[in-house]
Amino acid sequence: MSGGVYGGDEVGALVFDIGSYSVRAGYAGEDCPKADFPTVIGVTLDREDGTTPMETDGEKGKQSGTTYYIDTNQLRVPRENMEVMSPLKNGMSTWHYNIPAFFLCKTAVLSAFANGRSTGLVLDSGATHTTAIPVHDGYVLQQGIVKSPLAGDFMSMQCRELFQELSVEIVPPYMIASKDSVREGAPASWKKKEKLPQVTRSWHNYMCNTVIQDFQASVLQVSDSPYDEQVAAQMPTVHYELPNGFNCDFGAERLKIPEGLFDPSNAKGLSGNTMLGVGHVVTTSVGMCDIDIRPGLYGSVIVTGGNTLIQGFTDRLNRELSQKTPPSMRLKLIASNTTVERRFSAWIGGSILASLGTFQQMWISKQEYDEGGKQCVDRKCP
Amino acid sequence: MRTAYLIFISAIIISSVTADKGKSYAKEKICGELRTIGAKNFRVILTAIYSQKFPNGTLEEVRCVADEMLKLAEECCQDDASPDCYDKGATEISEKSCGKDSPFPKHPDIDKCCSAQGHERKLCLATLRYSSDELPSLLEPTPEEICTQYTQDPSAYSIRYVYEIARRHWNIPAGFVVNTTQNHVRMAENCCNPNVSKPCFFKERYQQRSSTTFLRFLSHVCNNQVNLKSYQTGLTAFFGSLLRVPFEDASTISKHFQSGLAKCCLQPQSQCVIEEFTSFQKVLCKESILGTMSKEFQRCCSQAPQDTLTCVDNLKREPPKSLNMTQVSSAQLCEKDQPDITDRYLFQIGVKHTSVSLPVLTTIQDQIKSTVAACCSAPDDSTTCLKEKESKLEKTAALLAKTDALCSQYFKLELPAFKTLVQQEVQGEGAESRGQAWVELSTTCCPQHSPPQLCQKLTEAVIKHEEDATA
């Protein structure tokens with residue numbers, strides 16, 4: 001690439017890390033992403049009878065037709081006929097946005113490098129999957145990748161079931177005009193907002209999920225040893241109040257729900273016992289790799305992903321792995337203490353990579369892509 | 001650093017046994033290189049060569065012999081040095097090696113050399129090659145660990161690093177080891193001053209990915225080449241299932257590859273390997289094959305030769321759906337008019353079992369070869385011999401099928417479940433120890449890059465257990 005084409009030395013890059021739950025985006029060279037927003041798009045379509053849906057202040061003068069909304073604030077405003085969809089599931093094309101050049105790199109490689117390593121076992125537990133990806137000398141060992149569907153969304157489902165058992169309705173804030181304070185455990189008492197637009201089911205579910213996810217993040221804790229009812233009963237309780245005023249002290253449930261991540265055998269809603277717990281995901285992945293690199297992988301288990309931020313996750317993982325590996329095996333978990341680094345390690349890796357001087361020779365221009373197609377991506381991107 | 005000097009440095013080790021005109025030629029070149037690259041770099045190269053020669057030696061012992069050789073070179077390169085300076089010096093060093101309290105690394109066979117005298121002893125010592133079980137790979141140090149150690153003493157760090165890498169990659173040209181060390185030391189130099197810089201380490205490590213992966217690949221294939229008797233036979237089956245080609249084509253390709261390794265692995269310079277692999281890539285990726293191959297294979301072929309090989313090495317192989325060749329039966333194996341019939345037979349059984357690593361495959365093939373060879377050279381009727389050995393041959397071939405099946409399961413099941421599976425499969429006399437042998441073989445040797453010497457031993461142990469059980 002000649003500097004002339006792209007304006008000489010002052011060429012910057014945008015870095016995107018697109019997950020199932022959120023998108024992290026920002027500028028290359030910075031140490032954290034500027035934007036962190038949900039990976040959903042709100043799409044409004046015209047009503048069938050030809051009239052236009054309700055507009056909010058910001059959109060006066062907009063033409064009728066398909067309108068897209070991204071970002072938490074935009075998405076949380078109730079609008080008529082706004083469906084929520086995931087661009088990952090529905091396909092996305094970068095070329096619609098006139099991008100002059102791009103580069104793709106596997107997130108596991110970036111996470112490893114961001115943590116100062118070119119070899120390690122990257123354990124990424126996010127919304128949809130918990131995945132172990134062995135990285136050796138900067139390359140992903142494809143044959144060792146192990147994926148389990150037990151992750152954030154699985155726990156959200158378990159939380160929903162808990163509330164169903166308690167006969168508690170999940171009411172998102174957009175519906176609530178006012179609420180009364182009630183005793184702990186008592187049914188909620190709240191008033192619904194009047195004149196709410198006719199929202200779609202998908203949007204309503206999305207808003208309910210945000211309530212559940214807040215509960216998940218605040219209340220749940222992973223037990224440091226396999227779940228035991230008696231021990232759990234002694235667990236200090238955490239008080240939590242839902243948006244509609246229902247409030248309760250949660251004790252044993254705090255440990256029981258996330259236990260399914262580590263020991264799926266007793267988890268509700270799982271068909272059969274073929275799911276692997278987090279510990280087994282790691283050991284199975286390492287076991288698929290050559291014997292002489294296994295110490296290197298166990299010596300650098302890099303923990304990333306939002307789901308790993310549940311209190312107690314890394315301690316329990318450490319314990320599980322210590323029990324499953326030979327005593328002589330040096331085991332080291334690398335888990336950043338800050339939320340920023342844990343959720344953003346792949347983004348940070350991308351930021352560093354994109355700011356390297358040699359990066360400009362690596363990217364794929366639109367012209368190259370037009371001529372070479374997908375093959376040039378396979379060839380140039382590790 | 002140019003690597004041409006390496007061939008001349010190994011001449012130091014052997015120079016005293018070469019002809020007179022060779023001696024002065026070697027001296028000029030060595031002294032020229034010493035002047036050009038300096039004593040510090042010369043020491044690094046000597047450390048690499050001697051660490052490879054004596055992987056079991058301690059750092060102290062290796063440093064000792066490298067320092068002696070450097071001193072010898074420096075003394076004998078003085079303008080006023082006598083013409084027989086090298087000869088005398090090398091003799092003194094070899095005397096010292098055979099002394100009781102030698103400070104140099106001890107090779108297990110050194111006593112054999114020391115019982116010889118003079119010229120013979122020196123030649124024997126110079127050509128000693130160590131053969132040990134593989135050492136565990138080095139754990140990757142963190143940037144902080146590197147910087148702490150490097151800044152304390154940069155020169156000592158560099159010597160220690162080359163020693164640790166060289167003794168773990170002793171069957172490859174020293175040039176690659178020296179290159180890796182230089183990259184690593186340069187990374188420390190650039191990224192530790194004034195403070196530990198993670199982005200700098202990221203950049204350096206990212207750029208070194210291809211060369212570190214290649215080092216590992218080369219070490220693996222050269223270890224196989226040096227240690228496995230029937231490596232070429234195993235390679236034929238490997239390429240047959242990878243490229244989905246018949247015996248003749250697979251055999252040509254494997255011969256090309258294996259002869260390149262035989263020529264280049266134990267040479268000190270990297271150039272030989274580079275040239276051989278460049279020409280091999282052309283053979284592997286030729287147009288006639290490329291069109292029928294998978295997208296992944298084509299993608300591998302679009303890269304530089306070294307990267308093509310490491311890329312192809314990682315591809316999944318499938319057993320061929322139909323073998324376009326006449327099947328060979330064991331009864332035909334001594335037919336004189338078909339000299340490669342045993343190889344065809346071994347290809348036939350090997351190509352189907354793609355989950356078996358090369359060390360295990362070649363050990364089993366070896367076993368079959370020995371049985372067949374014994375019959376073919378039998379004074380009595382070889383046909384009768386083959387008939388008698390038929391069941392033994394079938395059993396050995398069946399072991400291959402069993403290993404293939406077990407290794408497929410090994411990668412699907414958790415270890416406790418796998419052990420249970422093995423216990424269920426292994427019945428009869430000595431079931432416990434046989435089961436143990438199978439588990440050990442699977443956990444160590446199912447992965448493709450399994451250690452050749454150890455896996456040879458473990459395979460032989462399983463063969464013996466199974467033979468004893470059915471005896």
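When I say that two residues touch, I mean that they have heavy atoms within 4.5 Å of each other. With that in mind, and remembering throughout that this is a predicted model, let us begin with one residue of chain B, Lys389(B), which touches Thr371(B) and Cys375(B) once residues up to four places away in sequence are left out of the count. Lys389(B) lies in helix H19, residues 382–410 of chain B, and it is partly exposed, with a relative accessible area of 31%. Lys389(B) and Ala331(B) are 58 residues apart in sequence, while their C-alpha atoms are 9.6 Å apart in space.

Let me turn to the place where the two chains meet. How many residues does each chain bring to the contact? Chain B gives 28 residues and chain A gives 39 residues. The area buried between chain B and chain A is about 3000 Å², and carbon and sulfur atoms give 56% of that area. On the side of chain B, Phe202(B), Tyr206(B) and Arg209(B) supply 23% of the area that this chain buries against chain A, more than any other three residues.

There are polar links here as well, for 8 residue pairs are in polar contact across the interface, counting those with both residues at pLDDT 80 or more. Helix H10 (198–227) and helix H21 (431–445) of chain B each supply at least two residues of the side that touches chain A, and H10(B) gives the most, with 12 residues. Sorted by class, that side of chain B has 9 nonpolar, 11 polar and 8 charged residues. The count of salt bridges between the two chains is 2, and one of them joins Asp290(A) to Arg216(B), with the closest N and O atoms 3.3 Å apart.

Salt bridges with shared partners join Glu259(A), Arg316(A), Glu320(A) and Lys324(A) into one network.

Glu241(A) and Lys179(A) also meet in a salt bridge, at 3.0 Å from N to O, but here Glu241(A) is partly exposed at 40% relative accessible area, and Lys179(A) is partly exposed at 41%.

Finally, some points about the backbone. Most residues other than glycine have a negative phi, and most peptide bonds are trans. Lys195(A), however, has a phi near 55°, and this residue is found in the loop between strand S13 and helix H5 of chain A, where it counts as exposed because its relative accessibility is 84%. Arg244(B) likewise has a positive phi, of about 55°, in the loop between helix H11 and helix H12 of chain B, and it counts as exposed at 51% relative accessibility. Which form does the peptide bond from Asn193(B) to Pro194(B) take, cis or trans? That bond is cis, with omega near -5°, and Pro194(B) is found in the loop between helix H9 and H10 of chain B.

Technical notes. Residues are numbered from 1 along each chain as its sequence is written. Chains are lettered from A and ligands numbered from 1 in the order in which they are written. This is a predicted model: local features need pLDDT of at least 70, side-chain atom pairs count only at pLDDT 80 or more; totals for chains, interfaces and linings use all residues. Side-chain values use heavy atoms; hydrogens and water are left out. Buried area is the accessible area (1.4 Å probe) that two parts lose on being put together, summed over both. A salt bridge is a side-chain nitrogen of Lys or Arg within 4 Å of a carboxyl oxygen of Asp or Glu. A polar contact is a pair of N or O atoms within 3.5 Å; within protein, one must be able to donate a hydrogen and the other to accept it, and residues adjacent in sequence count only if both atoms are side-chain atoms. Helices (H or I, at least four residues) and strands (E, at least two) are DSSP runs, numbered from the N terminus. Ala, Val, Leu, Ile, Met, Phe, Trp, Tyr, Cys and Pro count as nonpolar, Asp, Glu, Lys and Arg as charged, and the others, Gly among them, as polar. Buried means under 20% relative accessible area, exposed over 50%, partly exposed in between (1.4 Å probe, protein chains only).
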